[in-house]
Amino acid sequence: MKKVSFYTLGCKVNQYETNAMTQKFQEAGYKIVNMNESIADIYIVNTCTVTNMSDRKSRQVLRRLKDKNKDAIVVAVGCYAQVAKQELEDMSEIDIALGNEEKKDIVQYVEKYIEEKNKLIEIDDI
């Protein structure tokens with residue numbers, strides 16, 4: 001059973017959406033683990049871009065996770081991912097970047113990545 005961990009930055013909407021993504025992974029048979037207590041196979045970071053500081057914090061968290069487990073799949077979702085598509089494409093630590101519209105299908109995107117092992121950037125312009 002693959003283990004998934006979540007890190008959420010920003011607003012209450014992000015908290016709500018992280019809860020929804022957590023439920024989707026649980027329903028698909030994944031085990032949810034606490035990032036601070038366990039090594040995960042998949043790390044999901046629900047990013048924020050309200051301030052320059054939140055942009056920086058999003059990048060720091062994403063980079064740090066690959067250090068925690070070099071074989072883990074690191075996924076950037078949310079507002080920062082939505083507005084910084086090119087920057088995320090250039091970050092070697094990120095395996096998948098999804099915009100706000102793609103969050104609802106996150107399990108399918110992760111499973112596609114697991115099958116194909118190709119960096120996956122799916123962000124529709126809004």
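Mentor: Leaving aside neighbours within four places in sequence, Lys 119 is in contact with Leu 88, Glu 89, Met 91, Ser 92, Ile 94, Asp 95 and Tyr 113. Keep in mind that this is a predicted model.

Trainee: Where is Lys 119 found?

Mentor: Lys 119 lies in the loop between α5 (106-116) and β6 (120-122).

Trainee: Why does Lys 119 count as partly exposed?

Mentor: Buried means under 20% relative accessible area and exposed means over 50%. Lys 119 has 36% relative accessibility, so it counts as partly exposed.

Trainee: How many residues separate Lys 119 and Lys 3 in sequence, and what is the distance in space?

Mentor: Lys 119 and Lys 3 are 116 residues apart in sequence, with 20 Å between their C-alpha atoms.

Trainee: Lys 117 is also in the loop between α5 and β6. Why is Lys 117 called exposed?

Mentor: The cut-off for exposed is over 50%. Lys 117 is at 53% relative accessibility and therefore counts as exposed.

Trainee: What is the phi of Lys 117?

Mentor: Lys 117 has a positive phi of about 55°, although it is not a glycine. Most residues other than glycine have a negative phi.

Trainee: Turning to the sheet, what is the order of its strands?

Mentor: The open sheet of 6 strands has the order β2-β1-β3-β4-β5-β6, with parallel pairing.

Trainee: What makes β2 (31-32) and β6 the edge strands?

Mentor: β2 and β6 each pair on one side only.

Trainee: How do you know that strand β3 (residues 42-47) is largely enclosed by the rest of the structure?

Mentor: 6 of the 6 residues of β3 are buried, so the strand is largely enclosed. Both faces of β3 are covered: Ile 42, Ile 44 and Asn 46 are buried on one side, and Tyr 43, Val 45 and Thr 47 on the other.

Trainee: How do you know that β3 pairs with strand β1 (residues 3-8) and strand β4 (residues 73-78)?

Mentor: Pairing requires at least two bridges between the strands. β1 and β3 run parallel and are joined by 5 bridges. Within that pair, Val 4 stands opposite Ile 42, and Tyr 7 has Val 45 as its bridge partner. β3 and β4 also run parallel, joined by 6 bridges, and Asn 46 stands opposite Val 77 in β4. The chain passes from β3 through helix α2 (residues 52-68) to β4 in a right-handed β-α-β crossover.

Trainee: Which residues meet where α1 and α5 pack?

Mentor: Met 21, Lys 24 and Phe 25 in α1 meet Ile 106, Val 107 and Val 110 in α5.

Definitions and conventions: Residues numbered from 1 in each chain as written. Predicted model: local features only at pLDDT ≥ 70, side-chain atom pairs only at ≥ 80, totals over all residues. Heavy atoms only, no water. Buried < 20%, exposed > 50% of the residue type's maximum accessible area, 1.4 Å probe, protein only. Helix = DSSP H or I, 4+ residues; strand = E, 2+ residues; numbered from the N terminus. Right-handed = clockwise from strand over helix to strand, strands pointing away. Contact = heavy atoms within 4.5 Å.
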